[in-house]
Amino acid sequence: MSFSPLQLCLFFSSALFCIGLVGALSRSNAILVLLGIELMLNAANLNFIAFWRYSPTASPATGVIFVIFSIAVAAAEAAVGLALVIAIYRHQRSIRLQEATRLKG
Amino acid sequence: MDSTVQLLWLIPALPLLAAAIGALTPRRGRGLTSGAAIGAMTISLGLSVRVLIEALRDPTAHLTLNFAWFDLGDASLRLGFVLDPLTAFMCVMVTFVGLLIFIFSLGYMHEDANFTRFFCFLSLFAAAMLGLLVANSLLLLFICWELVGLASYLLIGFWFHKPAAAAAAKKAFITTRIGDLGLLLGMVWLYHSTGSLLFYDGGHGVLETTALASLVAHTTIGGLAVSTAIGLLIFCGAVGKSGQFPLHVWLPDAMEGPTPVSALIHAATMVAAGVFLVARVYPLMSADQTLANVPIHALTVVAAIGAITALFGALVAVGQNDIKRVLAFSTVSQLGYMMLALGVGAWPAAIFHLLTHAFFKALLFLGAGSVIHAAHHEQDIRKLGGLRGPMRVTFVTFGFGMLALIGFPFLFSGFWSKEAILHAAYGWHVSPLPLYVALFAVVLTAFYMTRLVMETFFGRARSDAANHAHENPATMTVPLAILAVCAVGVGFVGTTYWPWLQRTLDPHFEIEESGLGLMLLSIGLVAFGLALGWTIYGRTPRAKATAPDPLETAAPRTFAALGARLGFDELYAATVGRLNDAAAVFADVLDRYVWDGLVRFLALLGEFSGVVNRDGDEDVLNGGFDATSKKFRGAGQLYSRAQTGEIHGYLRVVAIGFVVLVLLVMLGGSR
């Protein structure tokens, strides 16, 4: 049984996504959850690159530019996320997510 | 001529104006009020004389001034004034006698604190009576008629702080109201039948041939002609107002008012109204005379009531001890004479007697007032006596009045008017009874008046009040003197031999041929009555106030019955009064239990529906909304449980959703 490079790439990104998901779900530290989410994002980026690279009708630079945008958005998102973490820490002197339930309806 | 008719309304309007001035004047304005009242009466008297002169130019004419009062749909309610000799003579009499009574009141009421109010009421009384005289519409006549009733109520109850006066005023008002009900019904019926209430209206009035013919032509319940029924209903009003037999009870009690009021009521205004009314509607009352086979003629009833009243009044007057009550019952009796004359068809004779009676009865009442004023309000003839000496003017004038009332032959007015009535009764073919009754009443009249004069003016003074009596000032004696002259002079306008007044009122008036016999008989009866009175009361004057009356010793039970007015007041108290009490109790029960119960039941019903409404609103409608919103809230609470606030919970759900999505895509892809 042999896999094409695209399939290998997809396996790899799926593994990466699953690791990120498990990390995001299982950690109670807000920063580690953010790390998990970043991993999932990167897995998605990897898929973009892979589909662009192995596509039969790939136009130049499409996937790369897409990913660059995605990374830029992710960076902004990480900045917002870290700011939220700091705001939470200031309120409850802890960044355990299980304790951050005061915004429920 | 027309201008005179247009002046007619001023005759009642001026006293009315005087009454208005009196009503608006404060209590201290004595001069203004009495001056206005007397001035207004003087001008009215002048106008009445002018009106009389105009009326005598053509005595058969009925000059009218009619005008629409208000319109009701197509119908128009019209009022008006009429000028004929009947109106003119009555106006002159009322204003003249009224004026003298007003002047007398100046002296009589001088010490009363409510002098102003008294003159205001007097003017109102005169105004109402004069309005009644000039009215050419039964409606206008009725309005004035009721005003007369009101004014009499106010004046009889003038000293309302006396319970007897207040009761007498109420009695007069309510008793006359019973008769007025008949008058009102008759008036409504008349309007229903003819569509008009004007007496004379150029051929369309109710007293003119067209209307009378239609009224006679129709019959109503009991086979009576409509005109008979209406005439009898109108006569009911006259019975009440003129103190005729069943409704006479108020007239003697009306003596509770000040004496000038009694004079006014008995002479000029109130009781004259009833006789005047019957004389005014005489064409209506006599319309059924042409019918042969009717159960009864209206005039027959009038004659019967008149005869009963004449006899009854004369009988009861014998047993009275109050100077004013004797005169009151003599008025009842004389009014009976007038009604009798009307009933036997001699309405001019009735008006003649009304005019002469007005003068001498006013004279008698004012004379009695003079006595009462001088004797410090002592009215009991047993306690008077001996006033002949100190009160010479009063005595002489009172004597003139007394002689006129008993019909002393030839010189006095009462003789000629009574003669006219006796002759008319003699010529009545239906029944001779009224003549016999009238002749008997002549004896009684002479007897009781002799008794009154003997007891009051002769003998010795039987009380301190009578001892200290002295003659009154000129405001009181001058009217007496003038009236005394009239009591003599007025009679000569209508003697048996030269009945000018009767002919003026009714050109067809005939004196019954009876020769000298009837006149001699009546003279003899008067002489008999006088002699009887002198024998019993004059020869041996009463010695003490407490001594029994000679008649009382002779026939105590009869005398007591007469003194108690034959028990009519008690009879009415026992029957009508008790019936009224029962009706009042019934009405009370009806009101308290039946109507009140009904009202309460309705209130309960309302309350019940209110409760139902409230419960329906709160429980059903509100409850439904409440339940729905509770459900929504429950659902909301249920959903809000998902919002734990735990980010891991959310993430987990997102992950599960993602996995489910992937699985679906993969399964869909494999298909």
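**Note on a predicted two-chain model**

1. B:F199 is buried, with 25 other C-beta atoms within 10 Å, where buried stands for 20 or more other C-beta atoms within 10 Å of a residue's own, exposed for 12 or fewer, and partly exposed for what lies in between, the C-beta atoms being placed from the backbone. The place of B:F199 is in the loop between helix 7 (163-194) and helix 8 (209-217) of chain B; helices here are DSSP runs of H or I with at least four residues, strands are runs of E with at least two, and both are numbered from the N terminus. Leaving aside residues up to four places away in sequence, B:F199 touches B:V82, B:N136, B:S137, B:G205, B:V206, B:L207 and B:R280, contact being taken as C-beta atoms, placed from the backbone, that lie within 7 Å. Between B:F199 and B:R280 there are 8.6 Å from C-alpha to C-alpha, although the two are 81 residues apart in sequence.

2. On the basis of the description: this is a predicted model, in which local features need pLDDT of at least 70 and side-chain atom pairs count only at pLDDT 80 or more, while totals for chains, interfaces and linings use all residues. Residues are numbered from 1 along each chain as its sequence is written, and chains are lettered from A and ligands numbered from 1 in the order in which they are written.

3. Chain B as a whole has 27 helices and two strands. Its radius of gyration is 38 Å, well over the 26 Å that the globule rule gives for 671 residues, so chain B is more spread out than a compact globule; the radius is taken over C-alpha atoms, and the rule is 2.2 Å times the number of residues to the power 0.38. Taken along the principal axes, the C-alpha atoms of chain B fill a box of roughly 160 × 65 × 50 Å. Of its 671 residues, 52% count as buried, and among contacts between residues at least 6 apart in sequence, 79% join residues at least 24 apart.

4. How do helix 3 and helix 5 of chain B pack, and at what angle? Helix 3 (residues 30-57) and helix 5 (residues 115-134) of chain B have their axes 8 Å apart, at an angle of about 20 degrees; axes are lines fitted to C-alpha atoms, for helices over the stretch in contact, and angles run from 0 to 180 degrees between N-to-C directions. Helix 3 and helix 5 of chain B are therefore roughly parallel to each other, a label for angles under 35 degrees, with over 145 counting as roughly antiparallel, 65 to 115 as roughly perpendicular and the rest as oblique. The residues of this contact divide into nine nonpolar, five polar and one charged, where Ala, Val, Leu, Ile, Met, Phe, Trp, Tyr, Cys and Pro count as nonpolar, Asp, Glu, Lys and Arg as charged, and the others, Gly among them, as polar.

5. Further along chain B, the axes of helix 18 (residues 413-426) and helix 19 (residues 433-457) come within 8 Å and cross at roughly 150 degrees. Helix 18 and helix 19 of chain B are therefore roughly antiparallel to each other. The contact is made by B:I421, B:L422, B:A425 and B:Y426 of helix 18 and by B:P434, B:L435 and B:A438 of helix 19, and these residues divide into seven nonpolar, no polar and no charged.

6. The C-alpha trace of chain A spans about 55 × 30 × 20 Å along its principal axes, and buried residues make up 11% of the 105 residues.

7. Two residues of chain A deserve a look at their backbone angles. Phi of A:A61 is near 70 degrees, a positive value in a residue other than glycine; A:A61 lies in the loop between helix 2 (30-53) and helix 3 (62-92) of chain A and is exposed, with 10 other C-beta atoms within 10 Å. Phi of A:R93, in turn, is near 55 degrees, also positive in a residue other than glycine, and A:R93 is found in the segment after helix 3 of chain A. Most residues other than glycine have a negative phi.

8. Where the chains meet, 11 residues of chain A are in contact with 10 residues of chain B. The side of chain A that touches chain B divides into six nonpolar, three polar and two charged residues.

Key
Two residues are in contact if their C-beta atoms, placed from the backbone, lie within 7 Å.
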